[in-house]
Amino acid sequence: MMKKVLLLGAGRVAGPLARYLLDQPEIHLIIATRTIDKAQKFIAGHPRGIAIQLNVEDDNALTSEISKTDLVISLLPWIHHIRVAKICLKCAKHLVTTSYVKPEMRALDSAARKKKLLFLNEIGADPGIDHISAMNVIHRVQKAGGEILSFYSYCGGLPAPENNDNPLGYKFSWSPAGVLLAADNDGRYLENGKIIDIPHKKLFQHYRFLDIPGVGTFEAYVNRDALPYLDIYGIQSAQSIYRGTLRNIGHCESWDHFKNLGLLNQNLRFDFHKMSLRQVMAELIGKKSKNLIKSMSAYLKIPQHSVTLKKLEWLGLLSDMRLPIGEASPFDMFAHILLEKLAYKEKERDMLVQRHEFIAQYSDGSKEKITSTLADFGISGGDSSMSRTVGLPAAIATKLILEGKINVSGVHIPVMAEIYKPVMAELEKMNIRFSEVTTRMPE
């Protein structure tokens, strides 16, 4: 029997997801977006697909479309998920998202269970594949009578080495605004039994180097609050837990300075028709723009030959250029420039790296260090790694739900074996797989 899936959004990660679902003979896909062009490109005349124009803020129109389908996938910004979820409840439809579960979504758990609906969230790359691969190791250790003493998890989306060709060591495979917002998060982790809190103002001052054999050496800084994962992953006895973001060397120091300059400020407003970039930068530090490098050097307390100032110069932020963005914030200015300067060119590849490091102890007192590593690369002239690793887990889970192979209800993330095992098996068929190394530790 043909099942209907409504996909809300046709952004950067939607392509592989849409094509996977269109390849399933029992699925009819409707892609709904505000502007229809991208959605039509993904459908590409497929007989089991259709693109429609939809304003997701129109509750009547949204309800009408959701009511016609069996399952909804929301790739919209997370702020829309709760409205979509409540309509899914009303219409008795399953929901899949790749976003973090917010308290408002968690609050719908009981109602979803009563209607035997599954609201599956965090089924992308990070969050998503990180949960799947972590739980695969954790459950195996626990089944063998062991416990996890320490768990460090890292993830980063970066340019492939051959396309890492700019001073910032980064390119955008997802929303620049999302990257900038994440740069203002607080961080928290547990290390040797001690809770470490990192306020957002000092986020980039607390980083470590991580060497991943065969891939490279990276900077890692803390990603949000890791402590809830002691319970989520069922590893309450762990004395250390850390979730980190990976970036290329030199990232953290520069981004700490970018933040101190006010480039993430969303409250200030400037008229970019009237002011050049150097004039805006001068305003941010309260100085004249005549000798801006010298003024910024003094403001940040760094040498005039500092690599950060060289990066700002390369970005054009110290130039007389004006942006066509009207009245906007420094945040808007920075996002606009980064998107222009750090875009992937045609046929360039990105790279997604995930790394888990566990220390496990068993009932006989023996200990093991287990490392689990994924290095996935985009396809030259084809899909990015980010779009595949975010979109495919959601697409696979959708198929499994519709086939009745994932038969749970409520608000969930992929930490249950019933969810993660079949998704992981399908990802491995697509060559998205982790390599593991286990080392016995000395007594």
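This is a predicted model: local features need pLDDT of at least 70, side-chain atom pairs count only at pLDDT 80 or more; totals for chains, interfaces and linings use all residues.
**Entry 1: Gly157**

I looked up Gly157 and found it buried, with a relative accessible area of 11%. Here buried means under 20% relative accessible area, exposed means over 50%, and partly exposed is in between (1.4 Å probe, protein chains only). Gly157 belongs to strand 7, residues 147–159. Strands (E, at least two residues) and helices (H or I, at least four) are DSSP runs, numbered from the N terminus.

Residues are numbered from 1 along each chain as its sequence is written, and side-chain values use heavy atoms, with hydrogens and water left out.

What does Gly157 touch, not counting residues up to four places away in sequence? I got Tyr170, Arg247, Met351, Leu352 and Met386; contact means heavy atoms within 4.5 Å. I also checked Trp174, which is 17 residues from Gly157 in sequence and 9.1 Å away in space, C-alpha to C-alpha.

**Entry 2: salt bridges**

I searched the whole structure and got 22 salt bridges. The rule is a side-chain nitrogen of Lys or Arg within 4 Å of a carboxyl oxygen of Asp or Glu.

I picked Arg113 and Asp109 to start with; their closest N and O atoms are 2.8 Å apart. Both sit in helix 6 (residues 109–114), four residues apart, about one turn of the helix. Arg113 is partly exposed at 40% relative accessible area, whereas Asp109 is buried at 17%.

Next I looked at Arg140 and Glu436, whose side chains meet in a salt bridge at 2.7 Å, N to O. Arg140 is in helix 7 (residues 129–143) and Glu436 in strand 18 (residues 435–441), so this pair ties together parts that are 296 residues apart in sequence. Arg140 is partly exposed, at 38%, and Glu436 also counts as partly exposed, at 34%.

Then came Glu348 and Lys171, with a salt bridge of 2.7 Å, N to O. Glu348 is in the loop between helix 14 and strand 15 (350–361), Lys171 is in the loop between strand 7 and helix 8 (176–182), and the two are 177 residues apart. Are these two buried or exposed? Glu348 is buried with a relative accessible area of 15%, and Lys171 is buried with 2%. I followed the links onward and found a network of salt bridges joining Asp165, Lys171, Lys345 and Glu348.

**Entry 3: rings**

I counted 14 aromatic pairs. Rings of Phe, Tyr and Trp (its six-membered ring) pair if their centres lie within 6.5 Å; planes under 30 degrees apart are stacked, over 60 edge-to-face, and the rest tilted.

Why is the pair of Trp255 and Phe334 tilted? Their ring centres are 5.6 Å apart and their planes at 50°, so the pair falls under tilted. Trp255 lies in helix 10 (residues 251–261) and Phe334 in helix 14 (residues 330–341), so the pair ties together parts that are 79 residues apart in sequence. I checked burial too: Trp255 and Phe334 are both buried. Ring pairs also link them with Phe204, Tyr221 and Phe258 into a cluster.

I looked up the largest nonpolar core and found 155 residues. Such a core is a set of buried Ala, Val, Leu, Ile, Met, Phe, Trp, Tyr and Cys residues joined through side-chain atoms within 4.5 Å. Among the residues with the most contacts inside the core are Trp255, Met333 and Phe334. Helix 15 (residues 385–402) gives the most to this core, with ten residues.

Back to helix 14. Its buried residues are Pro330, Phe331, Met333, Phe334, Ala335, Ile337 and Leu338. What covers them includes helix 8, helix 10 and helix 11 (277–285). Not counting residues up to four places away in sequence, Met333 has contacts that include Leu263, Phe272 and Leu317.

I finished on Pro330, which counts as buried at 0% relative accessibility. With residues up to four places away in sequence left out, Pro330 touches Gly262, Leu263, Asn265, Leu268, Phe270 and Leu284.
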